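Please walk through this structure in a viewer, stop by stop. Each stop says what to select and what is there.

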Amino acid sequence: MRRLIPTGDAARPVAFAEVPPPVPEPGEAMIKVEAFAPNRGETFLLEHPRPGLLPGKDVAGLVVQAAADGSGPAAGTRVVGHPAQGGWAAYATVPTHSLAVLPHGVDSARAAALPLAGITALRLLRAAGSLAGARVLLTGASGGVGHYVTELAAGAGARLTAVTATPARGARLAELGAHLVHDVAAAQGPFDVVLESTGGPHLPTALAKVRPGGLLVWFGQACRAPVALDFFELLNGPERVTIQHFHYAGGPYASDLAALVHLVERDRLHPEIGRTADWAETADTLVDLRERRIRGKAVLLTGEER
């Protein structure tokens, strides 16, 4: 079968290889991949790939071999999945605790855009607590996570300010109900909750805008620069602010995937897909994703569903 493997070349980070199909564990189903969606964090792993790295965590397709232990969906079922790796391939094995069944009305392209970004958004908002009427600041908002957070938070009654680099990258967020600013320093606080994903010098600026006793949830470092906090500057800022480190990972994922699929099916969640392409264009798409030339998610199609 065909699989995309790392090359170590920043300009062409992956290439096709012919390899044997994967062998599923007893609690895994074999999926014929119809669509997959890379994540920007995966592009960083490809800069210096570790030996044996098989990228791919967000997939949608058809179960061609049910799990040997009897768990999960039967062969012939359309699913979305979140494997630990190996999804950029014609076939992938996925633990059944990380699969959700797709209804007829949810196509594979939209489904593939859901797992990592959608699960992150769901769990991030749970960490933030009740948002009805809350003032919320979201940085780095124009990626896949940001679009999901914006739609879900606005639907929950939050008053959301979203930080995007340009008006064009924030256009859809404004349609979803966010107030846009293009520099975190321009955000008018105080905010009950700050959801911070850029790191570097932006986190201290965002932290200064939290109300006394408020919450900052730190869930990313998109600018890739470490954060420096000055104790004495904090003394001049809001008091008793909680800084919570957040990372989405930790299975099982099936229930969260099912919740996301349900919201899409009910027209209450709309994956923002900035590019859909044949998987022959994966290398170019990864570079554009890394360089922030794609708004929202990118989805690659293997050709099985089209």
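Start by selecting Asp267, which lies in the loop between α8 (254–265) and β14 (273–278). Helices (H or I, at least four residues) and strands (E, at least two) are DSSP runs, numbered from the N terminus. Phi of Asp267 is near 65°, a positive value in a residue other than glycine. With 53% relative accessibility, Asp267 counts as exposed; exposed means over 50% relative accessible area, buried under 20%, and partly exposed in between (1.4 Å probe, protein chains only).

The model is predicted: local features need pLDDT of at least 70 and side-chain atom pairs count only at pLDDT 80 or more, while totals for chains, interfaces and linings use all residues. Residues are numbered from 1 along each chain as its sequence is written, and side-chain values use heavy atoms, with hydrogens and water left out.

Next, select Arg240, in the loop between α7 (231–235) and β13 (242–245). Arg240 is not a glycine, yet its phi is positive, at about 60°. Arg240 is exposed, with a relative accessible area of 61%.

Two cis peptide bonds come next. Select Gly251 and Pro252: the bond from Gly251 to Pro252 is cis, with omega near 5°. Pro252 sits in the loop between β13 and α8. Then go to Gly189 and Pro190, which are joined by a cis peptide bond with omega of about 0°. The loop that holds Pro190 runs between β10 (179–181) and β11.

Now select helix α9 (residues 282–290). How many of its nine residues are buried? Eight of the nine are, so α9 is largely enclosed by the rest of the structure. The buried residues are Thr282, Ala283, Thr285, Leu286, Val287, Asp288, Leu289 and Arg290. To see what surrounds them, show β1 (2–6), β2 (14–18), β3 (28–36), α1 (40–45), β14 and β15 (297–301), against which the buried residues of α9 pack. Just after the helix, Arg292 takes a positive phi of about 60°.

A pocket is found on a 1 Å grid over the protein atoms alone: it is an open set of points with protein on both sides within 12 Å along at least five of seven lines, whereas a cavity is a set where a 1.4 Å probe fits but cannot get out; lining residues have an atom within 4 Å of a point. Grid points are joined across faces, edges and corners, and a volume is the space filled by probe spheres set on the points.

To centre the view on the largest pocket, select Asn39, Arg40, Gly41, Glu42 and Leu116, which lie nearest its centre among the 44 lining residues. α1, α3 (115–128), α4 (144–155) and β15 each supply at least two residues of this lining, and α1 gives the most, with five.

Then move to the second largest pocket, with a volume of about 300 Å³. Of its 16 lining residues, Gly140, Val163, Thr164, Ala165 and Thr198 are the closest to its centre.

End on Thr198, in the loop between β11 (191–196) and α6 (202–207). Is Thr198 buried or exposed? Thr198 is buried, with a relative accessible area of 13%. Leaving aside neighbours within four places in sequence, Thr198 is in contact (heavy atoms within 4.5 Å) with Thr139, Gly140, Gly220, Gln221, Ala222, Cys223 and Arg224.
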